[in-house]
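Subject: Handing over the structure

Hi,

Here's the structure I promised to pass on. Have a look at it first, and my notes follow below.

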Amino acid sequence: MSRSIPHLKSQFLQRLSEIVGEPGLVSDAQQKDDHDTDWLKKWHGRSCAVVRPASTQEVAQVMRLCHETRIPVVTQGGNTGMSGGATPDESGAQLILSTSRLRGIREVDPLNNTITAEAGVLLAHVQEAAQEVNRYFPLSLGSEGSCTIGGNLATNAGGVAVLRYGNTRDLALGLEVVLPDGRIWNGLRALRKDNTGYALRDLFIGSEGTLGVVTAAVLKLFPRPVARVAAWVGCDSMENLLALLALSRDTCGDRLVAFEMLTQASVDLIMQHITDARRPLANAHKFHALVELADTHENGLAEMLEGTLEQAMAAGYVEDAAVGLNIAQRQAFWKIREGISQAQVRAGKAIKHDIALPISKLPRFVADADAAVKKVKPDACIINFGHMGDGNLHFNVLMPLDTPPTEMSQTVKLLNRVVHDLVHQVNGSISAEHGVGQLRRDELRNYKSAVELDLMMQLKQSLDPNQIMNPGKLL
């Protein structure tokens, strides 16, 4: 007689326990439920277990066991993703591998401007470790107090400093990865130049846990900025905002670290729902921008920004502006920008689009997308904001809180297709910084070429022949 499924599960859990010990298995029902549900409470799954290895060797042993038994694995960092990429399905067959105990900072090398951190280290802790040696790690996200380096790498996270420093991919020099069969690839090279073959590092960054488990990374550090200045700007058109961006790049160079855009509707929403937010400009403007400069020297930064704004006003690009010279004023500007997500949750149900476009195409796209959405939903409230400096918009449509689920589901599918078709027409991306996960998995097939999808599947099959890594996500 064959062994029963419960017996096989019990045997599997026993072998897991032998590898990671009692602290490495989550037994509390509430803690397990926290891992089975994403932080947005949008995706709910049911894992067979949650395992928390404490070392790369333990991760390797766990993966070797899962490879032998064909147990699917969902790797999870801080569980702060926006696309359901770290949530198991409801089958009860998938194992969650949490990197939360891989919390070591193995080396900080200020002379080489690098830090080597394990996957479970919080982003905020990497920032702090860099600051302790008078260096700067520029990746900055709203979730930096709870997201982990492994998750940042798996999703190629963006954030507010991409304009100057790039995405997570641009900040990583080397990786340590446990492959699906338990082998360890040690690619922890702290080199800016390494021309010895395929860039294997880039296969795993942005792969959303579908090719292996990132256990550590060598990350770039930079000189620490000691001076910052910001301005809040009002413009009457997207074209003028784009002209201001071009002028700011020309006059400020790499001191320009952020150029964030919000429409008037977005600002109004924040003022309605974030109690301590204050309008930085007296009058309404169709478009707003938060511009920030940073430098390693104190002298001349404020004058540089003010001079740029004076040129922009003289050219007719800018209608009004307020300059924040001290910390409190800059924080007040950023409070407005960072309040948009919370304001949307309070105001309604958001149909979200995390999209990337060539910067030069933004004005035409916004005009076309506004018109297309209004044609489908004449009373739609469009909340458009994002990282204009790198072409990443969050083009969202806000529906009333009491919208019935069936209507909401139908509207989401309809507007997703309308917006993403327009994105595809200008060779943009339907996922700029949040990842594909399970949210955009099916849509991806509409916009990736057959050749590109085939290449991705061949890579997946080569590295993960048993198809155990994060099934149902990305591909």
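In what order do the 3 strands of the open sheet stand? The order is β1-β3-β2, and the pairing is parallel. Before I go on, this is a predicted model, where local features need pLDDT of at least 70, side-chain atom pairs count only at pLDDT 80 or more, and totals for chains, interfaces and linings use all residues. Residues are numbered from 1 along each chain as its sequence is written, and side-chain values use heavy atoms, with hydrogens and water left out.

A word on terms: helices (H or I, at least four residues) and strands (E, at least two) are DSSP runs, numbered from the N terminus. Two strands count as paired if DSSP finds at least two bridges between them.

The open sheet

Back to those 3 strands, in the order β1-β3-β2. β1 (49–51) and β2 (73–76) are at the edges with a single partner strand each, so one side of each has no neighbour in the sheet. From one strand to the next, the twist averages 25 degrees. β2 and β3 (residues 95–98) run parallel and are joined by 4 bridges, with Val74 opposite Ile96 in β3. Helix α3 (residues 56–69) packs on this sheet and touches β1, β2 and β3 (contact means heavy atoms within 4.5 Å). The direction of α3 makes about 165 degrees with that of β3 (axes are lines fitted to C-alpha atoms, for helices over the stretch in contact, and angles run from 0 to 180 degrees between N-to-C directions).

Ile96 also turns up among the contacts of Asp36, together with Trp43, His44, Gly45, Arg46, Ser47, Thr87 and Pro88, not counting residues up to four places away in sequence. Asp36 is found in helix α2 (residues 29–36) and is buried, with a relative accessible area of 4% (buried is under 20%, exposed over 50%, partly exposed in between, with a 1.4 Å probe and protein chains only).

The annotated stretch

The unreviewed UniProt entry carries the annotation "domain: FAD-binding PCMH-type" over residues 43–224; such annotations may be inferred rather than shown by experiment. The chain over residues 43–224 is 24% helix and 24% strand, and its end C-alpha atoms are 39 Å apart.

An enclosed strand

Next, take a look at β13 (residues 287–295): 9 of its 9 residues are buried, so β13 is largely enclosed by the rest of the structure. Phe287, Ala289, Val291, Leu293 and Asp295 are on one side, and His288, Leu290, Glu292 and Ala294 on the other. β11 (residues 227–235) pairs with β13 in the antiparallel sense over 9 bridges, where Ala231 has Val291 as its bridge partner. β12 (residues 256–263) also runs antiparallel to β13, joined by 7 bridges, and Leu262 is partnered by His288.

A helix with a buried side

Helix α14 (residues 362–376) has 15 residues and reaches 21 Å from its first C-alpha to its last, close to the 21 Å expected at 1.5 Å a residue (that is, 1.5 Å times one less than the number of residues). Which residues of α14 are buried? They are Leu362, Pro363, Phe365, Val366, Ala369 and Val373. These cover an arc of only 160 degrees around the axis, which puts them on the same side of α14 (the arc is that of the directions from the helix axis to the C-beta atoms). The face turned away from that side carries the exposed residues Arg364 and Lys375. Among the elements covering the buried residues are α9 (238–252) and α15 (405–425).

Cheers
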